[in-house]
Amino acid sequence: WPLLYAKERAMERGVPFGVLFVVGPMFNHGSRRHNDWMVASLQVVEAGLREKQIPFFVRTGEWAETVASFVEEEEIGEVVFDQNPLEPVRSWREQAAAAVAVKVWEVDGRNVVPVWCASEKAEFAARTIRPKLHKQLKEFLTDYPNLVTQTEVWPRSVPAIDWEAVRSYRTCAVEAPLPEAMEPGEAAARRCLDSFIEHRLEGYDERRNDPNQDALSGLSPYLRWGNISAQFVAKQVQDADAPRADRDAFIEELIVRRELSDNYVYYTKDYDTISAAHEWAQKTLAEHRDDEREYVYTFDEFEQAKTHDELWNAMQQQMVQEGKMHGWCRMYWAKKILEWTNTPEYAIEVALTLNDRYELDGRDSNGVVGVMWSIAGVHDRAWTERPIFGKIRYMNYSGAKRKFNVDAYVKRYTGTAELFDDKTG
Ligand code: FAD
């Protein structure tokens, strides 16, 4: 949508339009795998834009300054920014908007219903945003207009992109490489979607909570990196020949849960701190702050999967090895970090750091909300009170055993630790 809108603005002015991607300094715990995924994805974008005669610029440097100098050098008339509610990107965009002397726009291409249309405030829970989203799907869940080849010519020369310089620009907190099985880019995203619709959509509703089954779509890294849009995925799934219950269950995750995450981050100050939690959650966590913890682990022990719980360790291994932990496991994994750290504040820090370091879909609103839901009860309700957790929803090992074959899962992921050996800092 931002690209289509830029085209519209340019046509109105009778000028060409182009795309700028700024690779700023690494932020929010990004690691080598994120950097490599981004660069490979951008190369695909370059080829796609070239086909449509749309110039593509990739620049490195401080974000706002780089945007501002590009606008000046290339004599840009208007700027269309992508919506992204996460810090520091949001502040960078605001700084860039303030630094340029031209008209700026912000277009939400991440959500089906633009975040500011879905609701005017932070929603209480899925049940409060669901009707608002469903009411607007008729208007927003449409096919994309065709992007025709640009006929206007860029007035200056467009430099070739030095991909090696782009790849090596950022310093990564850890060198966790891109898992071999994970292939970035638009074509890979389409294949992932096709295979999900053909082989796994039927039965999704029933099978999605079993971590031993390959039942999920696997689309989150592609959605996170913009290799495919939620709108396109939703349309394909809606039109698929699969039982209604499966299609509805998937749309609930892809649209309601996902857009609730952006709603939370967009409207919540200090969204990754306890102060952002419901009052009942803040109170109950404070009341249980001094409860005795049977196990307390350091950040390194968590990172290196060295807890007493073989199931938790296997989950951590899955995330590190595959760049993606199963959705059900993520809840158990984060809740145990609350149980095995001294404060909920530190639990949030550990969970978000690990999530954002290793999950290929990390550094996203969904990660913030997943962690805040698990540890601070965001979008949840109060449950039976118990030590450490207070009224925050609890999950335990025997619950996991009732849900799926824990032994098979542990066996699959226990063993390797090479990824931890090549840390740079
Ligand atoms: P599918 O079940 O196939 O779902 C399709 C899409 O729906 C997903 O790609 C995602 O965009 C959306 N979706 C699914 N479940 C959720 C959910 N619970 N909340 C919001 N959107 C959802 N998701 C991320 O994208 N990035 C993260 O960093 C992330 N971290 C998480 C951390 C914790 C502690 C928890 C509890 C959840 C986290 N999630 C995160 C949400 C969810 O676990 C993943 O989106 C899902 O497992 C991705 O796998 P999939 O694409 O195969 O999911």
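Which helix gives the largest share of the shell around the ligand? That's α12, with 6 residues. This is a predicted model, where local features need pLDDT of at least 70, side-chain atom pairs count only at pLDDT 80 or more, and totals for chains, interfaces and linings use all residues. Residues are numbered from 1 along each chain as its sequence is written, and side-chain values use heavy atoms, leaving out hydrogens and water.

**Overall build**

- The protein chain has 20 helices and 4 strands; these are DSSP runs numbered from the N terminus, with helices being H or I of at least four residues and strands E of at least two.
- For 425 residues, a compact globule would have a radius of gyration near 22 Å, and the chain agrees because it has 22 Å. That radius is taken over C-alpha atoms, and the globule rule is 2.2 Å times the number of residues to the power 0.38.
- The C-alpha trace spans about 65 × 50 × 40 Å along its principal axes.

**Around the ligand**

- The ligand is surrounded by 26 residues, each with a heavy atom within 4 Å of it; the closest are Y204, S217, G218, N355 and D361.
- That shell splits into 9 nonpolar, 11 polar and 6 charged residues (Ala, Val, Leu, Ile, Met, Phe, Trp, Tyr, Cys and Pro count as nonpolar, Asp, Glu, Lys and Arg as charged, and the others, Gly among them, as polar).
- At least two shell residues come from each of α10 (220-224), α12 (244-267), α16 (327-339) and α18 (365-376).
- The E253 side chain has an N or O atom 3.1 Å from a ligand nitrogen.
- Taken alone, the ligand exposes 830 Å², and the protein buries 91% of that (areas by the Shrake-Rupley method with a 1.4 Å probe).

**Strands β1 and β2**

- Strands β1 (residues 19-23) and β2 (residues 56-60) run parallel, joined by 5 bridges; pairing takes at least two DSSP bridges.
- L20 has F57 in β2 as its bridge partner.
- With helix α2 (residues 32-51), β1 and β2 form a right-handed β-α-β unit, meaning that with the strands pointing away from the viewer, the path from the first strand over the helix to the second runs clockwise.

- Most residues other than glycine have a negative phi, and most peptide bonds are trans.
- N28, in the loop between β1 and α2, isn't a glycine, yet has a positive phi of about 45°.
- The E87 to P88 peptide bond is cis, with omega near 5°; P88 is in the loop between β3 (78-82) and α4 (89-99).

How values were computed: Polar contact = N/O pair within 3.5 Å; in protein donor to acceptor, adjacent residues only side chain to side chain.
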